[in-house]
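Please have a look at the structure first, and then read the points below.

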Amino acid sequence: MDIQATNNPVGGEDAVAPGLLSDDATKHCLQMLVDAGLRPTRQRLALGKLLFLRGHRHVTAESLYDEAVAANAYLSLATVYNTLNQFTEAGLLRRIAADGIKSFFDTDTSVHPHFYLEGEDVLVDVAAGLAFSKVPDALPGHEIARLDVIIHLRRKRMQ
Ligand SMILES: [Zn+2]
């Protein structure tokens, strides 16, 4: 794509400065955004690099915001929320609602089960996988759109 085309801010987003495109990791991230149909703004690139260059990750808006601050990316928490939602809609992330209030965002968009550590606010993959002997048929006129399995864990009480 033509990088110059991004020098036309929409919705207050910053265009990408050409100097930010110098390393391979950034180029990889930029291509990922373009392939997903997203315009590679400075904010999306900064968060994309935190999300997609470190393997399979589970983040919350708050944890990613803290990382962005530590990486000197000057973004508001609202921008982080919006960007995570845009990435999710574009198919780059999978949203997982673990406790009703807080959403986790998974860089592995395949169907896989999770452990949620209550009280520690941590989501991890169930490494051993999970087998179903019977997945119920969908209701008439419906199909199963997705299947989420979250196994909630808590610390055992000391005896
Ligand atoms: Zn996962």
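1. The largest cavity has a volume of about 40 Å³. A cavity here is a set of points, on a 1 Å grid over the protein atoms alone, where a 1.4 Å probe fits but cannot get out. Grid points are joined across faces, edges and corners, and the volume is the space filled by probe spheres set on them.

2. A word on the basis: this is a predicted model, in which local features need pLDDT of at least 70, side-chain atom pairs count only at pLDDT 80 or more, and totals for chains, interfaces and linings use all residues. Residues are numbered from 1 along each chain as its sequence is written, and side-chain values use heavy atoms, leaving out hydrogens and water.

3. Among the residues lining the largest cavity are R94, H112, H114 and D148; a lining residue has an atom within 4 Å of a point.

4. H112 and H114 also coordinate the zinc ion through NE2, alongside H58, D106 and D125, at 2.1 to 2.2 Å. Donors are N, O and S atoms within 2.8 Å of the metal (3.2 Å for Na, K and Ca), and water is not among the atoms, so sites may look incomplete.

5. H58 lies in strand β1 and D125 in strand β5, 67 residues apart. Strands are DSSP runs of E with at least two residues, numbered from the N terminus.

6. Strand β4 (residues 114–117) pairs with β5 in the antiparallel sense over four bridges; pairing requires at least two DSSP bridges between the strands. Y116 has L123 as its bridge partner in β5.

Notes: On a 1 Å grid over the protein atoms alone, a cavity is a set of points where a 1.4 Å probe fits but cannot get out, and a pocket is an open set with protein on both sides within 12 Å along at least five of seven lines; lining residues have an atom within 4 Å of a point.
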